[in-house]
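Biologist: I would like to learn how to read a structure file of this kind. Please take me through it one feature at a time.

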Amino acid sequence: MQRYVLGRIVQLIPVLLLVSLIVFLIMHALPGDPAVLMLAGAEGGMTSPERLAELREQMGLNDPLAMQYWHFVSGAVTGDLGNSIRFREPVLTMILSRLDSTVELALFGLLCSLVIGVPLGLLAAARQGGWIDAICMSLSYLGASIPVYWLGLVMIFVFAFNLGWFPASGGTTWNSLVLPSLSLGLINAGLVARLMRSSMIEVQGEDYMRTGRAKGLSPGLLLRRHGLKNALIPVVTILGLQFGNMLAGTVVTETVFSRPGVGRLVVSAILSKDYPLVQGAVLFLATVYVTVNLIVDITYAWLDPRIRYGR
Amino acid sequence: MAADLAPIAAVEAPRSPWRQSMRRFLAHKGARIGLLMLAAWLIMAVGAPYIAPYDPNALLGKARLAPSLANWFGTDQLGRDVLSRVIFGSRISLTLGFVSVFFGLVPGVVLGLAAGYFGGWTDTLISRFIDAMLAFPSIILALVIIATLGPGIVNVMIAVGISAVPEYARLVRGSVLSVKAQPYVEAAWLVGNSSARIMFRHIFANINGPLIVFTTLQVGNAILVGAGLSFLGLGAQPPTSEWGLMSSEGRQFLQRAWWIAASPGLAILSVVVAFNLIGDGLRSGFDPKVRVR
């Protein structure tokens, strides 16, 4: 197991290097000159050529591209993602101060999708073709077809404006988290339910289930110990993907519910052309996503020993 | 459904796999509903100037009128007819769906074919690159590209398209690997066909089933993501009748004039459901093993 974990961590390094290279190259294909933008934003457009040259030198924009990339990567490794043009603050500090809000939202969204999706999928598998099965199907269609911002607006309209149960936006209290995470969760719950359903149906036909029944295990114990644990494997594997969906969803959801998070930070950075901030935040999000996927893979290997001994 | 189709296939003369697939596809009830919905939207998009009751940008004088017989979906914050704007908005969203899929499909297929067919270091290089691109949740990748190109609806099409390239490439590579060892590929090679000809003529022709399914679903997905980006202010700019932008503009009037934000959302929902229904129908058409639920 340790060997497997170590191996997977080592494999992560080239992927992260490539990710940083992609972010760097895309951002440096930009038409605008960051130095010009920085002066225009901060010093009221008083761009004397001398000041510009000085700043370019200071920001390392005169170095060869490879050199600039090296600075970017070596900085990123030590936690230095550069400074925001607009806010003149270290990018990492800005991200970290908003990170808990985003992680909270993504985790609760994930929780919502599991709490709704897993039982629904199990019930649908138990009564194939029944009305729960129909709900399960429609939910997965709706989830795949509803714009997440629109579901958020519907939630605000119904639960905040008309029923007054939860605040419509902002806030740091727990009840301000309900509507955003519910809209994120509902979008993905259908997918979870559908997967849970088909996986449970498949597991029920396995030999070990028949053996369990034959040796007289009670149906409840059989389902919990042998059925559920195996049926959950495919659901766990898509958790990483789900978490990615959640992270991506926070970009839009945070704007809908006016939550101060990393997703909203990226959007406002793009709108204000704050390139170091976009570059740093995107690299950060991608790293989080890759790391979560790694953790999921390790969990997967732990749940299913065939994987770590395989190959 | 697959079961009651079996006798038909047995009685009639053998037909091409393509026609069999299409037959199974059309027998899928969901797919037929999806096709009807899509056809309705295509008619609305093409005939928008004739179908829409008003000019989408005309100010009708009264702002935020509730839905009525004169304005079925009400009027918006500036007094424009929401129904007319929704109808015109279908042009942008459908174009976005098809165009952006093209931007993802073409490079994705070429990369996937090359990686799967040539193997070796070509495969390693392309696969690592795909892995790195898959390390971004796709909307984040789209955001990076928009950050580079600048906001705008055309840039959204490009960004949404490119962000799907790694998924296309992965899908095609996997399919190529599954057919590469088949005797007909070896035969094509022995007869002296060029690599390009084998790739496109022999391999590609045999793996396009899953690709067509994925592409159909991807059109719907692209419409969703594109509208989301416009909602964030990164796509279409006012006064365009674009569904995401319309919802965003209606957001601040949600409490008293919900129809402004609600109508374009329902439109997106119905278009994307249509593509998802068609996609699932195609899946059951191309892969007889998949049972219709």
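**Reading a two-chain model**

Modeller: Start with contacts, where two residues are in contact if their C-beta atoms, placed from the backbone, lie within 7 Å. In chain A, among contacts between residues at least 6 apart in sequence, 72% join residues at least 24 apart. The corresponding share in chain B is 69%. This is a predicted model, in which local features need pLDDT of at least 70, side-chain atom pairs count only at pLDDT 80 or more, and totals for chains, interfaces and linings use all residues. Residues are numbered from 1 along each chain as its sequence is written, while chains are lettered from A and ligands numbered from 1 in the order in which they are written.

Biologist: What is the mean pLDDT of chain A?

Modeller: pLDDT is the predictor's confidence in each residue, from 0 to 100. Where it is low, the predicted coordinates should not be read in detail. Chain A has a mean of 83, and 92% of its residues reach 70 or more. Within chain A, confidence is lowest in helix α2 (residues 34-42), at a mean of 63, and highest in α7(A), at 91.

Biologist: How many helices and strands does chain A have?

Modeller: Helices (H or I, at least four residues) and strands (E, at least two) are DSSP runs, numbered from the N terminus. Chain A has 13 helices and zero strands. Chain B also comes to 13 helices and zero strands. Along its principal axes, the C-alpha trace of chain A spans about 85 × 55 × 30 Å, and that of chain B about 75 × 50 × 30 Å.

Biologist: What percentage of the residues of chain A count as buried?

Modeller: A residue is buried if 20 or more other C-beta atoms lie within 10 Å of its own, exposed if 12 or fewer, and partly exposed in between, with C-beta atoms placed from the backbone. Of the 311 residues of chain A, 41% are buried. For chain B, with 293 residues, the figure is 48%.

Biologist: Which residues touch the most other members of the largest nonpolar core?

Modeller: A nonpolar core is a set of buried Ala, Val, Leu, Ile, Met, Phe, Trp, Tyr and Cys residues joined through C-beta atoms within 7 Å. The largest one has 166 residues, and A:Val266 and A:Ala281 touch the most other members. Leaving aside residues up to four places away in sequence, A:Val266 touches A:Val251, A:Val278, A:Ala281, A:Val282 and B:Leu143.

Biologist: How many residues does the contact take from chain A and from chain B?

Modeller: It takes 40 residues from chain A and 38 residues from chain B. On the chain A side, α1 (2-28), α6 (131-145), α7 (148-162), α10 (219-256), α11 (262-271) and α12 (275-303) each supply at least two residues. The most come from α1(A), with eight residues. For residue types, Ala, Val, Leu, Ile, Met, Phe, Trp, Tyr, Cys and Pro count as nonpolar, Asp, Glu, Lys and Arg as charged, and the others, Gly among them, as polar. The side of chain A that touches chain B divides into 36 nonpolar, four polar and no charged residues.

Biologist: What span should α6(A) have?

Modeller: The expected span of a helix is 1.5 Å times one less than its number of residues. The 15 residues of α6(A) should therefore span 21 Å, and its end C-alpha atoms are 21 Å apart, which agrees. The buried residues of α6(A) include A:Ile132, A:Cys136, A:Leu139 and A:Gly143. The buried residues of this helix pack against α5 and α8 (175-204) of chain A, together with α11 and α13 (258-286) of chain B.

Biologist: Which backbone angles deserve a look?

Modeller: One is phi: A:Arg88 has a positive phi of about 55° although it is not a glycine. A:Arg88 lies in the loop between α4 (65-77) and α5 (91-126) of chain A. Phi of B:Arg64 is likewise positive, near 55°, and B:Arg64 lies in the loop between α4 (48-51) and α5 (82-118) of chain B.

Biologist: Is A:Arg88 buried or exposed?

Modeller: A:Arg88 is exposed, because 10 other C-beta atoms lie within 10 Å. B:Arg64 has 17, so B:Arg64 is partly exposed.

Biologist: Where does B:Pro239 lie?

Modeller: B:Pro239 is in the loop between α11 (195-231) and α12 (243-250) of chain B. The peptide bond from B:Pro238 to B:Pro239 is cis, with omega near 5°.
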